[in-house]
Protein chains: 2
Amino acid sequence: MSRTIVARLATLAIVLGIWFFPVPAGLSPQAWRLFALFAAAIFAVVANALPILTSSILALAAAVLTGTLAPEQAYSGFANGTILLIVVAFLVARAVVQCGLGQRIGHMVVSVFGRSTLGLVYSVFVVDAVIAPAFPSNTARSGVLYPLTFSLAGIASLSLSSALWLTAMAANPLGTEIARAFGVDITFGSWLIASSVPTLTAMVLLPLLLYRLIPPEVTATPAAPAAAKAALATLGALSRHEKIVAAVFAGMVALWALASPLALDSTAVAFLGLGIMLATGVLTIADIAREGDVLATFIWFAVLFTLSSQLNELGFMGFLGKRLAAAMNGWSALLAGLVLTIAYVLLHYLFVSQTAHLLALFGVFLDVGVKLGVPAAPLAFLLLFATNFFSGITPQGSSANLLFAGSGYLSQGELYRLGAISTAFNLLVYVCVGLPWLAAIY
Amino acid sequence: MSRTIVARLATLAIVLGIWFFPVPAGLSPQAWRLFALFAAAIFAVVANALPILTSSILALAAAVLTGTLAPEQAYSGFANGTILLIVVAFLVARAVVQCGLGQRIGHMVVSVFGRSTLGLVYSVFVVDAVIAPAFPSNTARSGVLYPLTFSLAGIASLSLSSALWLTAMAANPLGTEIARAFGVDITFGSWLIASSVPTLTAMVLLPLLLYRLIPPEVTATPAAPAAAKAALATLGALSRHEKIVAAVFAGMVALWALASPLALDSTAVAFLGLGIMLATGVLTIADIAREGDVLATFIWFAVLFTLSSQLNELGFMGFLGKRLAAAMNGWSALLAGLVLTIAYVLLHYLFVSQTAHLLALFGVFLDVGVKLGVPAAPLAFLLLFATNFFSGITPQGSSANLLFAGSGYLSQGELYRLGAISTAFNLLVYVCVGLPWLAAIY
């Protein structure tokens with residue numbers, strides 16, 4: 001109890017300390033105050049002063065009541081299509097679990113890969129990497145993986161599968177557009193060649209690291225495949241509810257994969273699936289009534305998303321980039337490139353969207369690097385890959401994390417700790433393996 | 001089961017029938033298609049074809065996937081401050097009930113007014129009418145009344161208390177601004193004089209009608225006040241949680257009442273109160289996790305709100321007004337005034353916000369009436385009062401209804417039936433009592 005009080009006092013000290021600190025030249029008071037609120041909100045969660053819902057609600061109330069944000073701006077995150085997609089994906093995942101299909105798929109995966117826990121984790125990575133090029137939304141893909149895995153493996157897998165393919169994450173093509181202005185022309189094929197070596201290395205090594213960090217209670221399970229097969233035999237044929245859920249889910253996956261060419265909105269596809277599940281009774285209003293934790297996730301994520309995007313719109317992120325560039329004047333190209341990459345990754349603590357991070361900082365950092373003599377192509381690729389592999393650094397670092405972070409398998413503190421370690425590990429792999437590979441091919 | 005299938009087929013027939021009907025001249029195809037989806041969604045609920053959540057989710061998915069609405073427009077309702085206020089009020093109300101304060105207040109009310117069920121209902125009406133002039137948001141006021149009453153009395157009471165005072169509902173002052181353009185000057189005092197006779201009449205009679213329509217299991221409860229006093233004695237002093245909830249709630253009420261003069265956002269005040277309740281532990285994350293029905297209400301209300309406002313923005317409401325004016329050409333002033341008032345009330349079936357209804361139709365209807373020779377002042381007042389008393393016509397007719405509609409005390413079908421009857425009754429009172437009164441004073 002007294003630890004909580006100390007942590008709360010520290011949070012208060014941070015918010016007041018930044019708030020009343022003289023506003024740095026080049027920043028508006030509004031941007032500075034919003035930074036005070038946002039930094040304190042994140043600190044409160046990391047230091048266990050407040051749960052993430054409480055912390056973000058208080059930051060939102062403070063931002064509006066002090067006039068730092070206008071109400072319309074402050075609430076805009078609730079209408080964000082990606083965030084609504086998460087909310088609906090949560091409810092759809094509930095149907096998959098409830099009708100028994102989740103358990104059946106689990107038994108099927110175990111019957112094939114279940115000889116060891118590590119085998120199961122690799123199976124998630126493989127499924128994810130294979131379906132990724134057809135899913136420009138890693139958030140939609142998280143909805144596909146979620147019924148297979150509740151653990152950190154989902155977050156870790158998505159952070160790498162998105163880096164593997166140009167079309168595996170919405171921000172990737174945006175980044176290639178920005179890179180083109182610096183003379184770096186990236187295609188589907190050249191992206192895959194550049195990413196393959198570091199990404200596949202990370203995909204092989206990261207499960208081993210996670211396995212060390214959170215050792216499963218059981219590791220070798222030689223009898224599991226046979227037991228899973230027996231359980232499948234006991235389950236018998238698909239029930240009526242399972243068939244409906246499977247059909248609706250397959251339809252959603254097909255429409256998500258076709259979302260780009262057919263110009264379909266992924267969120268509306270999810271709403272359609274949810275509506276059909278409710279209309280056919282495989283999900284009932286009473287089921288929804290038990291999903292209050294989805295409401296909590298919706299609220300805190302929408303709030304943090306808004307605070308972060310407003311921080312960006314108020315010019316705070318651009319200001320940081322410029323200060324960094326000024327500080328690095330005269331550095332060697334290699335050192336500058338490395339420091340820019342590390343800073344780019346660390347700054348993701350301030351972002352609640354990979355796309356927003358890319359739009360705010362990718363161009364600025366690439367520009368600074370090129371002016372300091374860093375070759376454009378390797379730096380562009382490294383930062384583009386970072387935009388994917390840093391997604392797990394915080395639970396809210398990507399909307400694709402939320403299903404897994406919300407599963408309750410790990411505490412917020414553990415998610416931050418493991419997120420920091422696995423992101424640092426990814427950074428190490430992409431620098432030590434990716435940089436020589438990029439130097440060799442460019 | 002077969003009744004549900006017939007109702008669903010009828011819903012399908014309605015949506016397809018309107019969709020493929022030739023678009024009336026003067027309307028865009030988009031507006032017409034959105035009307036098809038909205039009308040079918042409401043019909044599906046009234047006819048028990050689908051629950052309101054399912055119906056609105058499917059309408060939303062259809063609107064976006066057919067290109068009738070752009071995704072950003074379609075999801076905008078989720079960021080609406082009034083809707084978020086409801087969501088937070090639901091969660092705050094949960095704290096009032098859970099800590100025991102709700103039960104204690106209930107015992108206190110019963111100990112004073114508890115001789116009969118009717119006495120209890122009147123006590124709600126009196127409390128509401130007395131606090132109303134200080135609450136420009138009937139939605140915020142619904143959060144104050146909710147812990148006192150779960151029943152239809154709350155909806156009925158708010159529909160009348162809002163009509164009593166110029167400052168009891170957000171749209172009232174807006175309406176007086178519009179009326180000024182027609183030479184009708186309305187002040188706080190002149191509004192109260194004009195509304196007093198019909199509103200107080202309705203306040204006395206409406207509880208008697210509701211009493212007949214939904215007779216309580218127990219009517220005369222002579223021993224109840226003594227029993228309530230005994231229960232209060234058993235409860236003893238306020239617990240720590242009750243004290244905190246009472247203090248936070250009192251603070252919220254004070255800030256809500258001061259929201260206008262201090263330029264505070266009511267929704268942010270509610271978020272602040274919720275944040276403090278979570279931080280002090282009177283409400284826990286586990287409590288929020290049980291509030292999935294709040295999520296369901298949030299979703300369906302945000303969706304219907306958006307569909308209705310988009311229908312208005314696409315010009316559908318203005319089109320209806322013009323068609324009506326053309327059809328009434330040459331009618332007598334009295335008949336025209338009556339038909340305009342009745343049509344204004346009935347059209348509230350299409351609206352999910354009193355303010356939106358007023359902004360869309362009040363000026364148009366007043367203009368049509370004046371041109372047909374109806375005296376401006378009585379017509380303006382009648383339509384302004386209607387903007388309040390029609391709020392209960394559907395469960396979603398006002399955001400102030402949602403707490404009560406979501407309490408589960410009455411089914412959606414019953415809410416529609418009782419809403420229609422009590423709104424028709426209010427209309428009768430305001431025409432038969434209000435019109436002569438308005439004619440006498442103007």
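The model is predicted, so local features need pLDDT of at least 70 and side-chain atom pairs count only at pLDDT 80 or more, while totals for chains, interfaces and linings use all residues. Residues are numbered from 1 along each chain as its sequence is written, and side-chain values use heavy atoms, with hydrogens and water left out.

At the interface, 44 residues of chain B are in contact with 44 residues of chain A (contact means heavy atoms within 4.5 Å). The two chains bury about 3500 Å² between them, 83% of it on carbon and sulfur atoms; buried area here is the accessible area (1.4 Å probe) lost on putting two parts together, summed over both. On the chain B side, Y75(B), F271(B) and L295(B) lose the most area to chain A, together 18% of what that side buries. As for charge pairing, zero salt bridges turn up across this interface (a side-chain nitrogen of Lys or Arg within 4 Å of a carboxyl oxygen of Asp or Glu).

Over all chains, though, the count comes to 14 salt bridges. One of them pairs E242(B) with R104(B), at 2.8 Å from N to O. E242(B) sits in helix α13 (residues 240-257) and R104(B) in helix α6 (residues 101-113) of chain B, so the pair ties together parts 138 residues apart in sequence; helices are DSSP runs (H or I, at least four residues), numbered from the N terminus. Both E242(B) and R104(B) are buried, meaning under 20% relative accessible area (1.4 Å probe, protein chains only).

Terms used:
Chains are lettered from A and ligands numbered from 1 in the order in which they are written. Helices (H or I, at least four residues) and strands (E, at least two) are DSSP runs, numbered from the N terminus. Buried means under 20% relative accessible area, exposed over 50%, partly exposed in between (1.4 Å probe, protein chains only).
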